Amino acid sequence: MMAHRYLALGDSYTIGEGVAEPGRWPVQLAALLRARGIAIGSPEIVAQTGWTTDELADAMDAAEPPLAGPYDLVSLLIGVNNQYRRRPLEEYAAQFAGLLDRAVVLADDAPGRVLVVAIPDWSVTPFADGDDRGRRAIAAAIDAFNAVNRAAAERA
């Protein structure tokens, strides 16, 4: 039996900034699925620390080799850098919807094979101490970005 293909799209949370490869959540997810009897290969990861939605889209366009579906599973976790850089929520909503549409196409037009992952709330980390917005404002902004993700996922 051929292993199912898995594509993980995102940013530092997907690539696992500061953790060894086995600690990356897409790698852990694939291992968990294999432990449950699902033949899935190692994730193909298109992610980089600092990426925003438009930067991920550009990287998908420039991927070598080009991204070619169908993938049996596609995960999408992107947006923390849009929020961190104070980019407009409306811009994020439009760009995220475009990325989600692309993820669905890569999943052979099967939206049920796309996993949208919420943006982790970095307001609870020590990194937030140095941000002039304050923890409550950061958390509220992350909640708003995640509401966009949820709405787009439900529409898909």
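Start at α4, which gives the most to the lining of the largest pocket, with 3 residues. Helices are DSSP runs of H or I with at least four residues, strands are runs of E with at least two, and both are numbered from the N terminus. This is a predicted model, in which local features need pLDDT of at least 70, side-chain atom pairs count only at pLDDT 80 or more, and totals for chains, interfaces and linings use all residues. Residues are numbered from 1 along each chain as its sequence is written, and side-chain values use heavy atoms, with hydrogens and water left out.

**The pocket**

Select S12, Y13, E17, T49, G50, V80, N81, Y84, W122 and F127, the residues that line the largest pocket. Two elements give two or more residues to this lining: α1 (12–15) and α4 (80–84). The pocket has a volume of about 180 Å³. On a 1 Å grid over the protein atoms alone, a pocket is an open set of points where a 1.4 Å probe fits, with protein on both sides within 12 Å along at least five of seven lines; lining residues have an atom within 4 Å of a point. The volume is the space filled by probe spheres set on the points, which are joined across faces, edges and corners.

Colour the lining by residue type: 5 residues are nonpolar, 4 polar and 1 charged. Here Ala, Val, Leu, Ile, Met, Phe, Trp, Tyr, Cys and Pro count as nonpolar, Asp, Glu, Lys and Arg as charged, and the others, Gly among them, as polar.

Next, centre on S12 in helix α1. S12 counts as buried because its relative accessible area is 15%; buried means under 20%, exposed over 50%, and partly exposed in between, with a 1.4 Å probe and protein chains only. Leaving aside neighbours within four places in sequence, S12 is in contact (heavy atoms within 4.5 Å) with E17, Q48 and T49.

**The sheet**

Now show the strands. They form an open sheet of 4 strands in the order β2-β1-β3-β4, with parallel pairing; two strands pair if DSSP finds at least two bridges between them. At the edges are β2 (44–47) and β4 (114–116), each pairing on one side only.

Select β1 (residues 6–10) and β3 (residues 73–77), which run parallel and are joined by 5 bridges. Y6 has L73 as its bridge partner, and L9 has L76.

**The loops**

Most residues other than glycine have a negative phi, and most peptide bonds are trans. The next stops depart from that pattern.

Go to the loop between α3 (53–62) and β3, where P65 is placed. The peptide bond from E64 to P65 is cis, with omega near 0 degrees. P70 lies in the loop between α3 and β3 as well, and the bond from G69 to P70 is cis, with omega near 5 degrees.

Move on to R86, in the loop between α4 and α5 (89–106). R86 is not a glycine, yet has a positive phi of about 65 degrees. It counts as partly exposed, at 48% relative accessibility.

End at D108, in the loop between α5 and β4. D108 also has a positive phi, of about 60 degrees, although it is not a glycine. D108 counts as partly exposed, at 48% relative accessibility.
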